[in-house]
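The sequence and the structure come first.

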Amino acid sequence: METAKSEYANYFYVFNKLGYDTRLEGAKYFFSLLQDVRMDLNEGFSDEELLERRIPGSMIDEASLVFDVGRGKYKESIFEFLRTTRGEKDEEYSKEAPVFEEDNTIEKAALRFGKYFNAKAKEKENTEVKGTKK
């Protein structure tokens, strides 16, 4: 897996391409949550376990321990980020990326985007491995 710094840069790039306003405070909260979700997915946690326990637990920990904000402000900021757009969407990215409107919870959005970014990382890894063999 890439370094956290390059993954965050990738999140900013992709979410900007999808038309989200990454200048909002909720972007950094959501991106940090995505890191947790992606690690949990890689460890083999089921969707049900992630949605019911792991993601809500990560949100509580991140709000209080990482960002030192109340859970209400934390969730409100993420919702604002996921519902606010800026600029035009890049059609290439929009075709395969998850759409928040279909989700009505942060947990579902985090799970969908976590799976999306893990799949993209795996694709990139497979391409790089195949490209180095001769």
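**Before starting.** I noted that this is a predicted model, in which local features need pLDDT of at least 70 and side-chain atom pairs count only at pLDDT 80 or more, while totals for chains, interfaces and linings use all residues. Residues are numbered from 1 along each chain as its sequence is written, and side-chain values use heavy atoms, with hydrogens and water left out.

**Whole chain.** I looked up the secondary structure and found six helices and zero strands, in the order α-α-α-α-α-α along the sequence. Here helices (H or I, at least four residues) and strands (E, at least two) are DSSP runs, numbered from the N terminus. I then looked up burial, where buried means under 20% relative accessible area, exposed over 50% and partly exposed in between, with a 1.4 Å probe and protein chains only. Of the 134 residues in the protein, 39% are buried. For contacts, meaning heavy atoms within 4.5 Å, I noted that among those with a separation of 6 or more, 72% join residues 24 or more positions apart.

**Helix α2.** I checked its length against the expected span, which is 1.5 Å times one less than the number of residues. The 18 residues of α2 reach 27 Å from first C-alpha to last, close to the 26 Å expected. Of these 18 residues, 14 are buried, so α2 is largely enclosed by the rest of the structure. After α2 comes Gly44, which has a positive phi near 95°.

**Helix α4.** For α4 (residues 71-83), 13 residues at 1.5 Å each should span 18 Å, and the end C-alpha atoms are 18 Å apart, which agrees. Which residues of α4 are buried? I listed Tyr74, Ser77, Ile78, Phe81 and Leu82. They cover an arc of only 130° around the axis, which puts them on the same side of α4; the arc is that of the directions from the helix axis to the C-beta atoms. The face turned away from this buried side carries the exposed residues Glu76 and Arg83.

**Pairs of helices.** Two packed helices are described by the angle between their axes and the distance between the axes. Axes are lines fitted to C-alpha atoms, for helices over the stretch in contact, and angles run from 0 to 180 degrees between N-to-C directions. Angles under 35 degrees count as roughly parallel, over 145 as roughly antiparallel, 65 to 115 as roughly perpendicular and the rest as oblique.

- Helices α2 (residues 25-42) and α3 (residues 47-66) pack at about 140°, with axes 10 Å apart, and are therefore oblique to each other. Residues of α2 including Tyr29, Leu33 and Val37 meet a set in α3 that includes Leu50, Ile55 and Met59.
- Helices α2 and α4 pack at about 100°, with axes 7 Å apart, which makes α2 roughly perpendicular to α4. The contact involves, among others, Ala27, Phe30 and Phe31 of α2 and Tyr74, Ile78 and Phe81 of α4.
- The axes of α3 and α4 come within 9 Å and cross at roughly 110°, so these helices are roughly perpendicular to each other. Met59, Ile60, Glu62 and Ala63 of α3 make the contact with Arg71, Tyr74 and Lys75 of α4.

**Two loop residues.** Is Thr22 buried or exposed? Thr22 is found in the loop between α1 (4-17) and α2, and is buried, with a relative accessible area of 9%. Not counting residues up to four places away in sequence, Thr22 touches Phe12, Phe15, Asn16, Ala27, Phe31 and Phe81.

Asp68, in the loop between α3 and α4, is exposed, with a relative accessible area of 68%. Its phi is near 50°, a positive value in a residue other than glycine.
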